[in-house]
Amino acid sequence: MPKRDYEQELTQHLITELESGCPPWERGWVILGRHYNIDSGNEYSGNNQFILPLIAASQSYDSNQWGTYKNWSDASAQHNKALGQIGENTEWYGVKSGETSSMVFFWNTKEVPDKDQPKQADGTYPLKRIFWKKWWAVFNRDQTGMPPLEHDHPDIPITESEEAMLSVIYKYCEDNDIRIKRGGDSAFYSPSRNLINMPKDSRFTSVEERMNTWAHEVIHSTGPHFKRKMGVFGDREYAQEELIAEMGAALICAQFGVDYTSRNNLTAYIGSWLKALKGDKNYIVKVSGDTGKAVRRVMEYAESEEEE
């Protein structure tokens, strides 16, 4: 059996969604909230916080719970126990036969001899630290016999979500000397002025669209900090920055339980995204990494609120 190319599998998920004319982060997957492990209860982090919702969207999964085969096997045993089913009366609630795993990865480090350097006095090479990816096979709850859970979906009312998101955004902007201007017909971030411009609230068609726009522009505002190349309209760098902003907005909205509604300006960038994805299977991994950094920088201010 040929070895699975995990990067190519991930890239193909996104290509399929883009070629359908509907980027996956426009869909309802964001209302699932943060994706987490069934065994530990920990949220997936880094690139995986984008990868798993992407896969869930492409496969039409309705759950944000994931786990390894063993995780679901353990969950099956616990569910049987809870139902009082023992011995021959037990049923299998783990991963269904024929289901294919999805892959998540974590960066690990290790020290290895640096043979490009001269040997030391003891005859050994000095050590250098290298990074390597460790892949894990996981399955969504929808791929198992487990019944659905209510807490797979957020229960935060949109009005509370709006207030919570704005509180984080205002604190982030204040701490980073980002000016906010309201009015006009355009929403944008100006790096030269370190300014976010937003139309007045009454100009938006819905609360969700307004919050989407806030999140999109706030992600743009992290660009100078991370020295991202913003590009100019129409070029590859500009399209890439828009991809980061769209994915980042989806992730921020998901964390506040806000439904990520469609933005009409996506169509102009789909061609550039497809070209980049088809030309480099590692493109989405690199871009999602930049997206994760941007989201974490903004959401640090949500953590500071909880500490207070």
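## Helix H3 and the four-stranded sheet

Helix H3 (residues 69-82) lies across E1, E2 and strand E4 (127-140), and runs at about 110° to E2. Helices (H or I, at least four residues) and strands (E, at least two) are DSSP runs numbered from the N terminus. Angles run from 0 to 180 degrees between N-to-C directions, with axes fitted to C-alpha atoms, for helices over the stretch in contact; contact means heavy atoms within 4.5 Å. This is a predicted model, in which local features need pLDDT of at least 70 and side-chain atom pairs pLDDT 80 or more, while totals for chains, interfaces and linings use all residues. Residues are numbered from 1 along each chain as its sequence is written, and side-chain values use heavy atoms, leaving out hydrogens and water.

The open sheet has 4 strands in the order E1-E2-E4-E3, with mixed pairing. Strands E1 (36-37) and E3 (102-113) are at the edges with a single partner strand each, so one side of each has no neighbour in the sheet. Two strands pair if DSSP finds at least two bridges between them. E1 and E2 (residues 65-67) pair in the parallel sense over 2 bridges, and Trp-66 in E2 is the bridge partner of Asn-37.

## The three-stranded sheet

Another open sheet has 3 strands in the order E5-E7-E6, with mixed pairing. Its edge strands, E5 (179-182) and E6 (188-190), each pair on one side only.

## Helix H7

Gly-257, with a positive phi near 70°, follows H7.
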